[in-house]
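Thanks for making the time this morning. I would like to walk you through a structure, starting with one of its chains and then turning to salt bridges and helix packing.

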Amino acid sequence: MTVSKYTLVTMVGLMALGTAPIQADSLKMAYSSAPRSMDPYPFGGAPTASLKEHVYESLVNHDDSPLLAESWSWTAPLTLTVKLREGIKFHNGADFTARDVVYSSCRMMHRIDGKRNLLTSSMGPIKDVVAEGDHVVHFHMKAPYPLWTQKMKFLSILSASGATTPEGAIKYDDKGDCGITNYPKRDQFDAAKASIGTGPYKLVSFDKSGSAKLVRNDAYWGEKGAWEDITIRSISNAGARLAGLLAGDFDLIENPTTEDLDALNNNEQFSFTSVPSWRTIFLVLDVNKEGAPGVSADKPGNPLSDIRVRQAMSMAINRKAIVDRLFRGNATIANQLAPKYRKGAPELPELEFDPAKAKELLAEAGYPKGFELSLFAPSDRYANGSRVAQAVTQYLSRIGIKISLKTQPWSVFAKARKNREMGTFMYGWGHPQGPAQMISFALASRDKKLGLGSSNYSNYSNPVFDKAIKAWAVETDEKKSDAFVKDAMTQAMKDLPAIPLYYQHTIWAHRSDLEITGRQDERTHAAMVKKK
Amino acid sequence: MLSFILRRLGQSSVLVLIMSVLVFAGMYVVSDPVAVLAGDDFTEEDRQALARELGVDKPLITQYLVFLSNIAKGDFGVSFVYNRPVLDLILERLPATLEVAVLAISMGLILGIPMGIYSGLNREKKATKSISFLTTVGYSIPNFWQALLLILLCSVWLKILPASGRGDTTDLFGIPVSFLNWDGFSHMLLPAVNLAIYKICMQTRLSRSGTQEVMYQDYMTFARAKGISKMRRIRRHLLRNILLPIVTITGLELGGLIAFSTVTETVFSWPGIGKLLLDSIHHADRPVVVAYLIGITLMFVTINFVVDVLYALLDPRIRYK
């Protein structure tokens, strides 16, 4: 029996390797909801976007910095000229050129069986997309559309080599026909045949239940991916997701519950990373003078239309307690409707918490005994959503408002919101398109031409605010634009047609030997995961 | 027999029609697909255009009639969310549900009936008391909690079975199934056991009470007096007589498992049709929900029919006129 010293050493070494934390360079992630397709355009939503960003890239990055674009500028009030990065190749070896941008714009507008891609709305005011040479693209607008520099991130760039394109330049039209008849179908994207992007990973397989396998794109133009291959699965149940992490099925999972964080802290093998996201949670108040659904008082009119009542409601809410106790610190107090760490957002003073003063304000407004109010909140949409709504209910009833809380599943809630059946409701906005897109939709007076006020469920209308937001809507200069955002937000926070509560954090639970940088737009991407 | 079948068919079509009206109207009242699908950057005009494209801008009656006339053409509609034929969505997820349901039911029968007969025959033994205790516990544990316990035990502590997902599949006649390779089968085990525990308890109790009743019948005593062996008495005389209620319940339970394993499929993220139903309700995807529930109604009608036929085969006294 001769076992050489070297064999022993090797065996001990192997055993040590066996306990080594991460096998090879594989990353296994669990999403909390399922990506719907690898076709980049039909669906919005974080899970689909998270997955597709591994494979496709856009002209602009998620943090608004240039990605496939090198730079852009407004060469005319209605024309954005984008200079493209050179020397980038698609997964199939084809060069990335301006032609691909035009092709992708066409595919975005193209309707499958008469139905629009859900991301098409971002292309709304675009009249024409024209390639000039190989590395310059002009976007011509029907109306001023400075927001396009943000919204370009929804236009994932596909390779024109994926379809038979006409000879010469592709002529853009807003039906998406563009002389192209054989666009790749969704099935071909999902079968990893048409999923040709420029991204750091290539799609190997996608399953309609929401799992995907990816491999590193070794010819990637930027910083190469840290992982040779990635497996993504979707598990909607938080308990099962965590169990999967503890069982070693996953290296990283999205959105553990707040209750599970202590257990993760006490476990040496696992930890969690909590990153403030852009998603702002707020209360929407219907300030219509005539009255609001679910709001009644012992004198005529709508109490919510009185600014003192709205200030009182804001003062009654102890945001710090919500953040510290309900979220155990994994949320940030909100003073405005878009966080100050969102690029372009202003920094406004803190909102007061003063229940005594709130009571005085209510009395001053003529409601010393309060009034009746139905508060609506989605039960399955935001982390701890129902409990936050309960907390708000308690705070508001402490200053004498008789409040009845109605939490509903999202599909029911969304319908009631669309039909304007709720006078007061809780809502969240993720701000992927800059800090002012929300207030321009939710607080501005309706302006069809500029696309303002489509979701103004507050029925808020203030000339100072409208003036600032209208100026913002046509301003292409970043500095001036930011100043208008500040004016508008300041006015909105004076009037409080919507009461900000907190900024949600995105939480990832993971093996403790991984380091997560995290992203603020609630996406989960392998690029934010590194080995320690 | 023929008139029996025809009458059944007539009854089922009325049932399906009523079902479709209820679900259609219910989904219409409760949720609005445009509100769920439209992103936060949809303008009012975008929302109206989307409603037009989905065909939900028309009055409810018109929508329903269009739906009926499409069904007459064999078209169950297109999912609002996925923009794909509903039938495709359901059919591609059905195999996953079926294989787990069949495995769970088989476990229930194979373990439940022998345990039941044993405890029926040996009332005073210790094992009987433990079986009785265990079945009571198994009956009472909430399904989702039991699922999490199973994951904790088998995946987190013992690390012997995967916690979720479907694993590798093998193509059987072009249909991907999990039970033909070990990886896939190991993924099936936990969801199947989770569904099976309740079934095992139920089958045990059913066959025990059946056994206790049949055991004291005159023919059993007579068979014993004739000197027939114990095993033969159990097989020929006892088993055949306790099977009737078991067949009925098993049929219905199989239907229930196929249609409503929603909780188990969600916890184990098993990509079956129960999870599809839940997701579709969440997303206000009416075509899927309506088609699904119509399909389920048809399935229950069929299962009941098969059970009735089995009755006739098992008990020669029953004849349908």
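Let me begin with a term: a residue is called buried when its relative accessible area is under 20%, exposed when that value is over 50%, and partly exposed in between, with a 1.4 Å probe and protein chains only. By that definition, 49% of the 321 residues of chain B count as buried.

Before going further, please keep in mind that this is a predicted model, in which local features need pLDDT of at least 70 and side-chain atom pairs count only at pLDDT 80 or more, while totals for chains, interfaces and linings use all residues. Residues are numbered from 1 along each chain as its sequence is written, chains are lettered from A and ligands numbered from 1 in the order in which they are written, and side-chain values use heavy atoms, with hydrogens and water left out.

Now to the salt bridges, meaning a side-chain nitrogen of Lys or Arg within 4 Å of a carboxyl oxygen of Asp or Glu. A search of the whole structure gives 36 of them over all chains. One joins the side chains of Asp46(B) and Arg116(A), at 3.8 Å from N to O. This pair crosses between chains, running from helix H3 (residues 44-54) of chain B to the loop between helix H3 (98-109) and strand E4 (126-132) of chain A. Asp46(B) counts as buried at 14% relative accessibility, and Arg116(A) is buried with a relative accessible area of 14%.

Within chain A, Arg511(A) and Asp251(A) meet in a salt bridge of 3.6 Å, N to O. Arg511(A) lies in strand E16 (residues 498-511) and Asp251(A) in the loop between helix H6 (238-246) and strand E9 (252-254), so this pair ties together parts that are 260 residues apart in sequence. Both Arg511(A) and Asp251(A) are buried. By contrast, Asp95(A) and Lys89(A), whose side chains meet at 2.8 Å, are partly exposed, with 45% for Asp95(A) and 44% for Lys89(A).

Finally, helix packing. In chain A, helix H14 (residues 463-474) and helix H15 (residues 478-495) pack at an angle of about 155°, with their axes 8 Å apart; axes are lines fitted to C-alpha atoms, for helices over the stretch in contact, and angles run from 0 to 180 degrees between N-to-C directions.

Technical notes:
Helix = DSSP H or I, 4+ residues; strand = E, 2+ residues; numbered from the N terminus.
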